[in-house]
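Reader: I would like to learn how to read a few features of a fold. Can we go through them one by one?

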Amino acid sequence: MAIHLKRLANIICLSNSIIYRKSYIPHILYSALSPGRFESRFTCHHDFSASSAGVIGLLPSDREVASDYHEFLQWHKGGGMFHKLARIDPTACIDFGAIVHAGSIVGGDVHVSSGAVVGPNVTIGPSTKIGYNVALANCTIGDSCIIHHGVCIGQDGFGFFLDEDGSMVKKPQALKAHIGNNVEIGANSCIDRGSWRDTMIGDHSKIDNLVQIGHNVVIGKCCMLCGQVGIAGSVTIGDYVTLGGRVGIRDHVTIVSKVRLAAASCVTKDITKPGDYGGFPAVPIREWRRQVASRCQTFK
């Protein structure tokens, strides 16, 4: 018994600093997370310009950083951050960890989940749900839309050309992406902004996970795009078009309304008549089935 008491006394003597630190940790966390302390901690910046050779003058001054930070406030419903110049309906919910930038408009009953970024001058219509880690820029979102986790809308499209010196030059990507009403976009899908015309998704269209829609693409109303569909730039798609999984569409192709494409098909030229199509290159579905049957007989 005496031996155990002696060991306990030694442990207590040797761990005074540890016990002190453990008791101090909750105080540190509380002070760091409290609103008043949060502001004071993150508006104090150290000047590293004297020890940063070659980058003197590139770092923002303390005054510039502090003034920019003070332009953002905490939203009363959800705890997210918003810029003073953003217009947000009082019924909107911006979760903690989300941020709404200057010039953006957020409608009534909108829910912006944690990690989402609503870039400058983005418009979100009423009753729209924005999932976790969504990135919105250079775009407008209609009413009653559902944007699932990880979606990116309004980033630059993939456009480059070779100049006279043989260097790869980026084409200007300066227009927007417009999402209609009652549109649902699956997780980790990407919709590029326009370069020579706005990218547009029609009302009531449904987009599955992992879909890529290039710049200048125009999609009509009530279309359905299944998983892993890839649409190259400047494609025009009519209304009530269904694209099966992993369908690929070449750039500058036009597809009329009421077309259905079988999974893994590839469209290389315009489709001018409604109906069902399949294959690579995509042809009317009966012709594609005959091709498949003939190929199977040949291999036998």
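This is a predicted model: local features need pLDDT of at least 70, side-chain atom pairs count only at pLDDT 80 or more; totals for chains, interfaces and linings use all residues.

Reader: In what sense do β2 and β5 pair, parallel or antiparallel?

Author: Parallel. Strand β2 (residues 81–83) and strand β5 (residues 99–100) pair over two bridges. Phe82 has Val100 in β5 as its bridge partner.

Reader: How is a pair of aromatic rings described?

Author: By the distance of the centres and the angle of the planes. This structure holds two aromatic pairs. One is Trp75 with Phe82, edge-to-face, at 5.2 Å centre to centre and 90° between the planes. Both Trp75 and Phe82 are buried. Phe158 and Phe160 also pair edge-to-face, at 5.2 Å centre to centre, with 70° between the planes.

Reader: Why is Phe158 called exposed, but Phe160 partly exposed?

Author: Exposed means over 50% relative accessible area. Phe158 has 73%, so it is exposed. Phe160 has 36%, so it is partly exposed.

Reader: What shows where empty space is left?

Author: Rolling a probe the size of a water molecule over the atoms. Here, the second largest pocket has a volume of about 190 Å³. Its lining has 15 residues; Phe158, His215, Gly233, Ser234 and His252 lie nearest the centre.

Reader: How many residues of that lining are nonpolar, polar and charged?

Author: Three are nonpolar, nine polar and three charged.

Methods. Residues are numbered from 1 along each chain as its sequence is written. Side-chain values use heavy atoms; hydrogens and water are left out. On a 1 Å grid over the protein atoms alone, a cavity is a set of points where a 1.4 Å probe fits but cannot get out, and a pocket is an open set with protein on both sides within 12 Å along at least five of seven lines; lining residues have an atom within 4 Å of a point. Grid points are joined across faces, edges and corners, and a volume is the space filled by probe spheres set on the points. Ala, Val, Leu, Ile, Met, Phe, Trp, Tyr, Cys and Pro count as nonpolar, Asp, Glu, Lys and Arg as charged, and the others, Gly among them, as polar. Rings of Phe, Tyr and Trp (its six-membered ring) pair if their centres lie within 6.5 Å; planes under 30 degrees apart count as stacked, over 60 as edge-to-face and the rest as tilted. Buried means under 20% relative accessible area, exposed over 50%, partly exposed in between (1.4 Å probe, protein chains only). Two strands pair if DSSP finds at least two bridges between them. Helices (H or I, at least four residues) and strands (E, at least two) are DSSP runs, numbered from the N terminus.
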